[in-house]
Amino acid sequence: MDSLLGLKLKNDVTTAYGLTIIPAHTVLEERHTALLAKHGIDPYSLVYVQHPRGSQRRPESGGGTQDAAVRQAVKASKALFARMQETRKIPVMELRDEVLPLVQQAAEEPDVFGLFESIRAKDDYTYEHNIGVGVLATLIGRWMNLSETELSVLAMAATLHDVGKIKIPSEILNKPGKLTSEEYAIVKQHTVIGYEMLKGTTGLNSRVALAALQHHERSDGSGYPLGLTAEQIDPLSRIVAVADVFHAMSSRRPYHEPLPFYDILNQIRLGKFGVFDPQIVSIFLENMVGRMVGRKVVLSDGRSGEVVFLNPHSLERPLVRLEDEFIDLSKVGDVHILRVII
């Protein structure tokens with residue numbers, strides 16, 4: 001067994017139920033072999049790539065490349081959306097050539113939490129949100145094993161999901177306080193406006209327009225603009241809906257600060273933002289939380305520790321190793337994970 005220590009895992013290690021317990025690119029340590037033994041997984045059956053013993057455990061994220069891809073995508077998106085506001089036409093070829101390759105490049109980032117920090121909207125929400133949702137949706141699509149063709153359509157659909165907002169007055173979109181019922185009704189029109197802009201655009205798959213129309217629909221019929229339910233909503237639109245909410249809640253907005261990591265996951269799971277496709281939610285949460293094993297986290301009481309084991313019945317409340325003790329967050333209701341240390 002010692003001969004495996006220091007080797008880097010090529011792929012995620014998952015349980016028989018599909019739950020990731022050790023992320024890809026992790027350098028194997030004794031605690032990992034103990035975790036494998038606990039789940040009955042033969043470490044010799046896994047695929048490794050050579051890695052110098054004693055080197056840093058975290059994956060080689062290429063964070064500089066990732067950040068650069070996101071920044072370039074935001075810059076290109078901003079320029080193209082400005083052109084759309086003037087011409088009311090969708091520059092399909094430019095989006096496909098200049099933006100989507102960067103979105104797909106960022107979604108290949110193995111360090112998921114570094115990726116989330118890169119795409120979190122900080123300064124220019126409208127354009128950062130377009131790219132953030134594009135990257136997140138593409139990532140979810142990869143976790144769902146979509147084909148490359150579907151992933152390309154999904155990336156375009158997610159990047160253009162809010163295109164209808166170019167016709168919504170900026171003073172309403174950027175209002176720092178709560179919207180009036182009249183203002184909210186105007187904002188909700190962006191779904192239909194986006195659909196009308198996209199549906200007749202040459203070179204765009206029809207599902208791109210559907211995502212603009214349906215990304216605020218919810219499986220229980222509580223969404224808008226049509227109050228569609230479950231199977232009436234296109235599968236790609238359902239993915240965009242989850243990515244849209246996660247990115248919006250984790251970003252700074254004129255009317256709210258970013259929510260803590262735990263709050264977003266918990267509220268998505270509980271349907272606080274509306275009822276999403278349960279399969280997509282499950283895949284999203286399992287892959288997100290599964291990649292927390294071995295990561296340093298900050299708890300809501302200010303203490304820092306390392307996630308060592310996931311609670312299968314409450315994924316967002318794992319077992320955390322502190323300096324001189326362990327804390328099972330599933331048994332401590334008033335303490336939760338505030339953020340993952342990047």
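Predicted model: local features only at pLDDT ≥ 70, side-chain atom pairs only at ≥ 80, totals over all residues.

Tutor: Residues are numbered from 1 along each chain as its sequence is written, and side-chain values use heavy atoms, with hydrogens and water left out.

Student: In which helix is confidence highest?

Tutor: Confidence is expressed as pLDDT, the predictor's score for each residue from 0 to 100, and the protein averages 86, with 92% of the residues at 70 or above. Helices (H or I, at least four residues) and strands (E, at least two) are DSSP runs, numbered from the N terminus. The mean is lowest, at 68, in strand S4 (residues 48-49), whereas the highest, 98, belongs to helix H10 (residues 206-214).

Student: What is the volume of the largest pocket?

Tutor: On a 1 Å grid over the protein atoms alone, a pocket is an open set of points with protein on both sides within 12 Å along at least five of seven lines, and a cavity is a set where a 1.4 Å probe fits but cannot get out; lining residues have an atom within 4 Å of a point. Grid points are joined across faces, edges and corners, and a volume is the space filled by probe spheres set on the points. Of the 27 residues lining the largest pocket, Tyr-184, His-216, Tyr-224, Arg-253 and Tyr-255 lie nearest its centre. The volume of this pocket is about 860 Å³.

Student: Which helix gives the largest share of the lining of the largest cavity?

Tutor: The whole structure holds one cavity of 30 Å³ or more, and the largest cavity has about 60 Å³ of space. Its lining includes Ser-237, Arg-238 and Ala-241. The largest share, three residues, is supplied by H11.

Student: Which peptide bond is cis?

Tutor: The proline concerned, Pro-225, sits in the loop between H10 and H11. With omega near 10 degrees, the cis bond runs from Tyr-224 to Pro-225.

Student: Is Asn-145 buried or exposed?

Tutor: Asn-145 lies in the loop between H5 and helix H6 (148-159), and has a positive phi of about 60 degrees although it is not a glycine. Buried means under 20% relative accessible area, exposed over 50%, and partly exposed in between (1.4 Å probe, protein chains only). Because its relative accessibility is 68%, Asn-145 counts as exposed.
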